[in-house]
Every structure is written in structure tokens, then in C-alpha cells.
Amino acid sequence: RIMIPILVVTWIVAILFAWNSSTSNVLRGSSLSSPVSVQSQSQQSSPNLVDHLVMVPGHAVLRFNKFEEADTADESWYLLSYQRQQGFPQVLSAHIRIGIEMMKQDPASLLVFSGGETRKDVGPYSEALSYFFLAHNKLWLPEESPINDRVALEEYARDSFENLLFSMCRFKEITGQYPSKISVVGFDFKSNRYTQLHRKALLFPAENFTYIGVHAPDYSPLFNQKHAEDGEAVAMEEFSHDLYGCNVDELKEKRKKRNPFHRSIPYELSCPEMMPLLHWCGPELVDTSAVPW
């Protein structure tokens, strides 16, 4: 009599665990049997059907117990001092929604929210998960919608260069191939960093790379564009002397600080073709033989 209820409870827990794992793997896992791949096979289309990476880099972590007003309220996010009282939630929401609209407009695209577990005081919650959670709960990504099959998370990036690099591998994990086209949605003042430095460092063709710059004051009159541009000038200077972000002390320290939970980056296992690039530190450009695109 005692064993029967125990067996029933065990069976129910096992079912719930399996369901949760399969759901999580769609966003976070590396299985090539993800919805994107399955959809392509079921339509008997070319495996090259999904070839466009739409990437939205993360900039903050959500307070998951206060998400109801996360599209408008500072209190719903763990923000750094320079991010507060500027309408930052409205701007981040614009990035998310523009990324979703771009993905919707191109059935050959995969949307990747990128950003790691960067805040020790927050706990092991990633920027990427925060963006997805907000989009899902605001119904910008409607439940039961087929477009959710084309959304994934990249949860290891510690800076903008890694946002781009790691998302390319994440794309390959999901689709089985590297993107032939990339669109990045972010702050307009970061356009040159992505197009002139990061893209160049990865030897990705300029004609297949697009940066969609969002002008933050259009979504929040409180946003201090001049202050942001001054900060960007410093970042540009650092990356211009260290394209891969692993020689300049300031860039190395940022990566160390933004990995407080000591996560090990797994992409050399799932993207072995990228291994030379993943470990390249320059200062010269990586050789063309080291990139798989």
C-alpha cells in the first residue's frame, strides 16, 4: 500500500522532468534535433533553409519576481549606476521587439538572445534568459506560436565580441550549419564596434552583415546619448588595439568580472571548426583557414 503511491509520485516527477528538459533544450541545449532542424526536414526543404542569424545582445538581468513592469520600470532590472533613471527598460524592450519583428519577417532566420550570467549579486540568471522571459511574458512571443521554434539563447557571452562569436556557434548548434547572413540589433552608437571591429576580427563578409542601430532617445527622452557615446569611444579604443579582447588588461578584467560563477565555455566541443578562432588572441587577424564561413 505504501509502495504504490511512491511509485505513482515517482512516475509523475519523471514525466514532468522530461517535459521540462525537452522544453529547455529548445532554447538552451545543443541538440541538432531542435525545432528548427525538424521543421526543415518535415518540409523536405534544403538543409540551408535557415541561414540568417538575428542576434540581440543583452545588457542587463531581469528581476524575475518583478517582471510585470519590466518593459518600463528600472526596479524590474538589476541595473548598473550608469544605466539607471534613463528609461533603460524601454530601450531594452525596443531591442527585443525589433529583433522579434526581424525574425518574423524572414522565415529563414533564427533569433538568438545573447548574454551570460554576468552579475554575482543577482545569482545564476543570464541576460539572454531575461530577454526571452520578458518577451514571452509580454506575449511578444505568443504562446503556442510556431515562431517560438526559431528563438534560442546564448548564455556564455561576457562582452560584445563574444555576443557575436558565440551566437554564430549557437546558430550552428541549432541548425547544423553556420549563418551566411547576420543581423545584429543594438544601440546605434555601437554600430562601428560591430561592423568595423568585431565583424572584421571574425572575417565575416561585410556584404552579408547588417547592424540595426536603435536610437535610444527615440524610446526614452531621459537617455543620455552623449554619455553613452563617450563610453563607447573608450570601448572602441580598447578593441581597436585588441580585436579579440584578450590582451588589453581592461578587456581581460571585464571578462573575468562578468563570469562570477566560473562558467566554462563549451563551444569548442559543439563547434570544433571554430576552435582556432575561439582561442585566437591576435594581435594580427586570424588566418582565413581558421574560420568556417
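# Reading the sheet and helices of a predicted model

Mentor: Of the contacts in the chain with a separation of 6 or more, 73% are accounted for by residues 24 or more positions apart. The model is a predicted one. The chain contains 10 helices and 7 strands, and buried residues make up 48% of its 293 residues.

Trainee: What makes the sheet an open one, and in which order do the strands lie?

Mentor: The open sheet is formed by 5 strands in the order β5-β4-β1-β6-β7, and the pairing is parallel. Its edge strands are β5 (151-154) and β7 (209-214), each of which pairs on one side only. From one strand to the next, the twist averages 25 degrees.

Trainee: How do you know that β1 pairs with β4?

Mentor: Two strands pair if at least two bridges are found between them. Strand β1 (residues 52-57) is joined to strand β4 (residues 109-114) by 6 bridges, and the two run parallel; therefore they count as paired. Within this pairing, Val 54 stands opposite Leu 111 in β4, and Pro 57 stands opposite Ser 114.

Trainee: What pairs β1 with β6, and in which sense?

Mentor: There are 4 bridges between β1 and β6, in the parallel sense. One of the residues involved is Met 55, whose bridge partner in β6 is Val 184.

Trainee: What makes β1 a mostly covered strand?

Mentor: Of its 6 residues, 6 are buried. Both faces are covered: one side carries His 52, Val 54 and Val 56, the other Leu 53, Met 55 and Pro 57, and all are buried.

Trainee: Why is Glu 232 called buried?

Mentor: Buried means under 20% relative accessible area. Glu 232 has 5% relative accessibility, so it counts as buried. Glu 232 is placed in helix α7 (residues 225-241). Leaving aside its neighbours within four places in sequence, Glu 232 is in contact with Phe 189, Lys 190 and Arg 193.

Trainee: How do you know that the length of helix α3 agrees with its number of residues?

Mentor: Helix α3 (residues 88-105) has 18 residues, which at 1.5 Å a residue should span 26 Å. The expected span uses one less than the number of residues. The end C-alpha atoms of α3 are 26 Å apart, so the two values agree. Among the buried residues of α3 are Phe 88, Val 91, Leu 92, Ile 96 and Met 103.

Trainee: Why is α3 called roughly perpendicular to α4?

Mentor: Two packed helices are described by the angle between their axes and the distance between the axes. The axes of α3 and helix α4 (residues 127-137) come within 11 Å and cross at roughly 75 degrees. Angles of 65 to 115 degrees count as roughly perpendicular, and therefore α3 is roughly perpendicular to α4.

Trainee: Which residues of α3 and α4 meet, and how many of the contact residues are nonpolar, polar or charged?

Mentor: On the α3 side, Leu 92, Ser 93, Ile 96 and Ile 100 meet Tyr 131, Leu 134 and Ala 135 of α4. The residues of this contact divide into 6 nonpolar, 1 polar and no charged.

Methods:
Residues are numbered from 1 along each chain as its sequence is written. This is a predicted model: local features need pLDDT of at least 70, side-chain atom pairs count only at pLDDT 80 or more; totals for chains, interfaces and linings use all residues. Side-chain values use heavy atoms; hydrogens and water are left out. Buried means under 20% relative accessible area, exposed over 50%, partly exposed in between (1.4 Å probe, protein chains only). Axes are lines fitted to C-alpha atoms, for helices over the stretch in contact, and angles run from 0 to 180 degrees between N-to-C directions. Angles under 35 degrees count as roughly parallel, over 145 as roughly antiparallel, 65 to 115 as roughly perpendicular and the rest as oblique. Contact means heavy atoms within 4.5 Å. Ala, Val, Leu, Ile, Met, Phe, Trp, Tyr, Cys and Pro count as nonpolar, Asp, Glu, Lys and Arg as charged, and the others, Gly among them, as polar.
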